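Student: I have a model open and want to go through it with you. Can we start once it is on screen?

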Amino acid sequence: MSALIHALYETKNVGVARYIARKNAAPRLVALLPQIKASHECLLMLHLPFMEDIRQYTFPSLSGPSGSATPSGKMVHWSPGIMQMCRLTPQSLSL
């Protein structure tokens, strides 16, 4: 397994495989991405969608007929402060 991981990593390639999670489950197409770290080496599995798995969603416009999605001056004024309070910094994470 290590040789496969190193070969994929050095050639900057990925593996493509068929994955069946359990007996009688539908097969899934997956990409196997090599990852080499000092502590481990492994293949990360990423599920690839089939064409029928991809959905096209349509969302209504943000500027509706009532204009309710347009921020007020007060909202615009306070938004930088709110964003600053939501930022994760080492000081905010210390317990």
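Student: What percentage of the 95 residues of the protein chain count as buried?
Tutor: The figure is 6%. Buried means under 20% relative accessible area, exposed means over 50%, and partly exposed lies in between, with a 1.4 Å probe and protein chains only. This is a predicted model, in which local features need pLDDT of at least 70 and side-chain atom pairs count only at pLDDT 80 or more, while totals for chains, interfaces and linings use all residues. Residues are numbered from 1 along each chain as its sequence is written, and side-chain values use heavy atoms, with hydrogens and water left out.

Student: What is the mean pLDDT of the protein chain?
Tutor: The mean is 85, and 85% of the residues reach 70 or more. pLDDT is the predictor's confidence in each residue, from 0 to 100.

Student: Which elements have the lowest and the highest mean pLDDT?
Tutor: Helix α3 (residues 90–93) is lowest at 65, and strand β1 (residues 15–19) is highest at 95. Helices (H or I, at least four residues) and strands (E, at least two) are DSSP runs, numbered from the N terminus.

Student: What pattern does the chain follow along the sequence?
Tutor: The order is α-β-β-β-α-α, made up of three helices and three strands.

Student: How many bridges join β2 to β3?
Tutor: Eight bridges join strand β2 (residues 28–36) to strand β3 (residues 41–48), and the two run antiparallel. Strands pair if DSSP finds at least two bridges between them. A hairpin of four residues connects β2 to β3, and L33 stands opposite L44 in β3.

Student: Changing topic: is I5 buried or exposed?
Tutor: I5, in helix α1 (residues 2–10), is buried because its relative accessible area is 3%. The C-alpha atoms of I5 and C42 are separated by 6.8 Å, although the two residues are 37 apart along the chain.

Student: And C42, what does that count as?
Tutor: C42 is partly exposed, because its relative accessibility is 22%. C86, at 54%, therefore counts as exposed.

Student: Which residues make the nonpolar surface patch of about 380 Å²?
Tutor: W78, I82 and M85 make that patch. I82 lies in helix α2 (residues 73–86) and is partly exposed, because its relative accessible area is 43%. Patches take residues with over 30% relative accessible area and no salt bridge, joining like charges within 9 Å and nonpolar side chains (Val, Leu, Ile, Met, Phe, Trp, Tyr) within 5 Å. A salt bridge is a side-chain nitrogen of Lys or Arg within 4 Å of a carboxyl oxygen of Asp or Glu. Accessible areas come from the Shrake-Rupley method with a 1.4 Å probe; for residues, only the protein chains shown count as cover.
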